[in-house]
Amino acid sequence: MSVSFSKPGLFEPRRIGEMSPATKILLYSVLIGWSLFVIFPIYWLVITSFKTPATVNEGPFFIPFVDFQPSLHAWADLFIYDAADTFRAYFNSIVIAFSATALSVFVGSMAAYSLSRIEFAPNLITILYFVVLLVGAGVAIGVYGSDLWLTLAICVALFFLLARAVGRLYTVRLGNGDILFWIVSQRILAPIVVVVPIYMMFQSVRMLDTHIAIIITYAVVNLPIVVWLMFDFFNSIPRDLEESAQLDGATMIMTFREIVLPLSRTGLAATTLLVMIFSWNEYLFALFISTSKAQTLPILVAAMNAGERGILWWTMSVAIIIMIIPVVALAVVLQKYISKGLLVGAVKG
């Protein structure tokens, strides 16, 4: 008696744990189609940078040397005729974006770790008293033209002298959740609401059109994102590891540097990349705070868009290509950390 085995069909997997041929075809077709959909705008951007104005206006043309003859005139316009403005804006963007990202991640990660490990209980009336002093300082400076540093010094002195006395009037205290919600809520605020006060503040201290002014602004604006994301990553790390290190004599700073940060590299990489993208593409604050010396690439591209000759798509394509290079390079560098997953430090036992 003979037994025959039928070969697996198109919809049946050949072995356990493997997809069927039909599933593979469908899956790879979807992936290839989506990849083409995502890559095509970049391809169009690249070929547009090598087109002449006549080719752009008479198009569309898709294949170089077949549909059209490539030209380097747009690259020459940006790197030869306008080389000074281009390199200055490019250098400014790199310095400002990377510095703001480093500052924001450095301060935000420590703030997130503090909120994750230390229980704070600030007095509500003391916080309100601080807000009242801050509003009063703003009115004195903005309305009555008081000196910025003198007004701030008076407010700081009043706060430290009277904070304890004021705090005794009301005993309601806030928790870490309230502090975290307040920090995150700052990101909800529309940037257009605060851009004028920020402009007036830097104008009063004569810091307009400086790198440090834009770096501080970008770092503060992106700080809530860092605190929000890193707080969850730090909470996922078991505290037993830190307690063991502290029993061996490690301080809190040493524990944070030697144990917590290495275990949270995935979160730091993802957060750094996100903050870098926000800082690199930011336009509104740079438009108000910078004029010429600290002008960034988004401002330069916008100036091209508002030129007297209309939208120069070929030149804008070159500018956009050089804009995305640092972000893509950073993503490639951080990819090995991001791809390890979001559960670094998780322990099951």
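Student: What should I know before I start?

Tutor: This is a predicted model, so local features need pLDDT of at least 70 and side-chain atom pairs count only at pLDDT 80 or more, while totals for chains, interfaces and linings use all residues. Residues are numbered from 1 along each chain as its sequence is written, and side-chain values use heavy atoms, with hydrogens and water left out.

Student: Where is Thr-101 found?

Tutor: Helices are DSSP runs of H or I with at least four residues, numbered from the N terminus. Thr-101 is in helix H4, which covers residues 83-117.

Student: Is Thr-101 buried or exposed?

Tutor: Buried means under 20% relative accessible area, exposed means over 50%, and partly exposed is in between, using a 1.4 Å probe and protein chains only. Thr-101 has 4% relative accessibility, so it counts as buried.

Student: Which residues is Thr-101 in contact with?

Tutor: Contact means heavy atoms within 4.5 Å. Leaving aside neighbours within four places in sequence, Thr-101 is in contact with Thr-272, Val-275, Met-276 and Ser-279.

Student: How do I read the packing of two helices, say H9 and H12?

Tutor: Helix H9 (residues 211-235) and helix H12 (residues 265-281) pack at about 155°, with axes 10 Å apart. That angle makes H9 roughly antiparallel to H12. The cut-offs are under 35 degrees for roughly parallel, over 145 for roughly antiparallel, 65 to 115 for roughly perpendicular, and oblique for the rest.

Student: What is the handedness of the crossing of H9 and H12?

Tutor: A crossing is left-handed if the near helix is turned anticlockwise from the far one by less than a right angle, and right-handed if clockwise. H9 and H12 cross in the right-handed way.

Student: Which residues meet there, and of what kinds?

Tutor: From H9, the residues include Tyr-218, Ile-225 and Phe-233, and from H12 they include Leu-268, Leu-274 and Phe-278. The contact of H9 with H12 has 10 nonpolar residues, four polar and no charged. Here Ala, Val, Leu, Ile, Met, Phe, Trp, Tyr, Cys and Pro count as nonpolar, Asp, Glu, Lys and Arg as charged, and the others, Gly among them, as polar.

Student: How do H3 and H4 cross?

Tutor: The axes of H3 and H4 come within 5 Å and cross at roughly 80°, so H3 and H4 are roughly perpendicular. Leu-78, Phe-79, Ile-80 and Tyr-81 of H3 make the contact with Ala-83, Thr-86 and Phe-87 of H4. These divide into six nonpolar, one polar and no charged.

Student: And H3 with H15?

Tutor: Helix H3 (residues 73-81) and helix H15 (residues 313-338) pack at about 65°, with their axes 8 Å apart. H3 passes H15 in a right-handed crossing. The residues of this contact are nine nonpolar, two polar and one charged.

Student: Which residues touch the most other members of the largest nonpolar core?

Tutor: A nonpolar core is a set of buried Ala, Val, Leu, Ile, Met, Phe, Trp, Tyr and Cys residues joined through side-chain atoms within 4.5 Å. The largest core has 21 residues, and Trp-280 and Leu-297 touch the most other members. H3, H4, H12, helix H14 (297-305) and H15 each supply at least two residues of this core, and H15 gives the most, with nine.

Student: What is Leu-297 in contact with?

Tutor: Beyond its neighbours within four places in sequence, Leu-297 is in contact with Ala-89, Tyr-90, Ser-93, Trp-280 and Met-323. There is also a second, separate core of 17 residues, which includes Ala-112, Tyr-113, Phe-231 and Phe-233.

Note on methods
Axes are lines fitted to C-alpha atoms, for helices over the stretch in contact, and angles run from 0 to 180 degrees between N-to-C directions.
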